[in-house]
Amino acid sequence: MLQLIKFLHTIIWAFLASMIFYILYAGISGNITKWVWIAIGIVVLEIFALLLNGWVCPLTPIAAKYTHERQDNFDIYLPLWLARNNKIIFSILFIAGVLLVVGRVFIIG
């Protein structure tokens, strides 16, 4: 069961990470469509889910029921360094992407 949770968690993580990279790309390239705003909305929903769960993915406590391991990557198939720094890395990329998108829409035009 732990492997299934880790697999699901990794797929969800990859989906959200790809949206963050897409937002950043859109902000850099200026190719801003409705899909960028949808991606921002989905990432914001994920942020709310994390905040409501003590800044922990809701899958983490479920995975914790199946192992005593508590390394930062015990619940996801990511390298330890990335799992440990995931929130800071992707928060910076998300904020940068949103600032670029907003800047292009409202400042550059």
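**Entry 1. Terms and model**

I take contact to mean heavy atoms within 4.5 Å. With that rule I looked up Ile-23, and, leaving aside neighbours within four places in sequence, I found Ile-23 in contact with Val-36, Ala-39, Ile-40, Val-43, Phe-94, Gly-97, Val-98 and Val-101.

I note that the model is predicted, that local features need pLDDT of at least 70 and side-chain atom pairs count only at pLDDT 80 or more, while totals for chains, interfaces and linings use all residues. Residues are numbered from 1 along each chain as its sequence is written, and side-chain values use heavy atoms, with hydrogens and water left out.

**Entry 2. Overall layout**

I looked up the secondary structure and recorded four helices and zero strands. Helices (H or I, at least four residues) and strands (E, at least two) are DSSP runs, numbered from the N terminus. Read from the N terminus on, the elements run α-α-α-α. The C-alpha atoms fill a box of roughly 50 × 25 × 20 Å, taken along the principal axes.

I then looked up burial, for which buried means under 20% relative accessible area, exposed over 50%, and partly exposed in between (1.4 Å probe, protein chains only). The protein has 109 residues, of which 34% count as buried. Among contacts between residues at least 6 apart in sequence, 67% join residues at least 24 apart.

**Entry 3. Helix H1**

I checked the span of helix H1, which covers residues 2-29 and has 28 residues. The expected span of a helix is 1.5 Å times one less than its number of residues. From its first C-alpha to its last, H1 reaches 40 Å, close to the 40 Å expected at 1.5 Å a residue. Gly-30 follows H1 and has a positive phi, near 80°.

**Entry 4. The nonpolar cores**

I used this rule: a nonpolar core is a set of buried Ala, Val, Leu, Ile, Met, Phe, Trp, Tyr and Cys residues joined through side-chain atoms within 4.5 Å. Which residues have the most contacts inside the largest core? They are Trp-13 and Ile-23, in a core of 18 residues. H1, helix H2 (34-52) and H4 each supply at least two residues of this core. H1 gives the most, with seven residues. I also recorded a second, separate core of seven residues, which includes Leu-2, Ile-5, Leu-59 and Ala-63.

**Entry 5. Val-43**

I located Val-43 in helix H2. Is Val-43 buried or exposed? Its relative accessible area is 5%, so Val-43 is buried. Leaving aside neighbours within four places in sequence, I found Val-43 in contact with Met-19, Ile-20, Ile-23 and Phe-94. I also looked up Ile-28, which is 15 residues from Val-43 along the chain; their C-alpha atoms are separated by 18 Å.

**Entry 6. Aromatic pairs**

A pair of aromatic rings is described by the distance of the centres and the angle of the planes. Rings of Phe, Tyr and Trp (its six-membered ring) pair if their centres lie within 6.5 Å; planes under 30 degrees apart count as stacked, over 60 as edge-to-face and the rest as tilted. I found two aromatic pairs in the structure.

Trp-13 and Phe-90 form an edge-to-face pair, at 5.6 Å centre to centre and 85° between the planes. This pair links distant parts of the chain, with Trp-13 in helix H1 and Phe-90 in helix H4, 77 residues apart. Phe-90 counts as buried because its relative accessibility is 10%.

Phe-21 and Phe-90 are also edge-to-face, at 5.8 Å centre to centre and 80° between the planes. Phe-21 lies in helix H1 and Phe-90 in helix H4, so the pair ties together parts that are 69 residues apart in sequence. Phe-21 is partly exposed, with a relative accessible area of 46%. I recorded Trp-13, Phe-21 and Phe-90 as one aromatic cluster.

I looked up Asn-86, which is found in helix H4 (residues 80-108). Asn-86 counts as buried because its relative accessibility is 17%. Its side chain makes a polar contact with the side chain of Trp-13 at 2.7 Å. A polar contact is a pair of N or O atoms within 3.5 Å; within protein, one must be able to donate a hydrogen and the other to accept it, and residues adjacent in sequence count only if both atoms are side-chain atoms.

How many salt bridges does a search of the whole structure find? The search finds one, where a salt bridge is a side-chain nitrogen of Lys or Arg within 4 Å of a carboxyl oxygen of Asp or Glu. The side chains of Asp-72 and Arg-84 meet in a salt bridge at 2.8 Å, N to O. Asp-72 is in the loop between helix H3 (59-64) and H4, and Arg-84 is in helix H4, twelve residues apart. Asp-72 counts as partly exposed because its relative accessibility is 37%.
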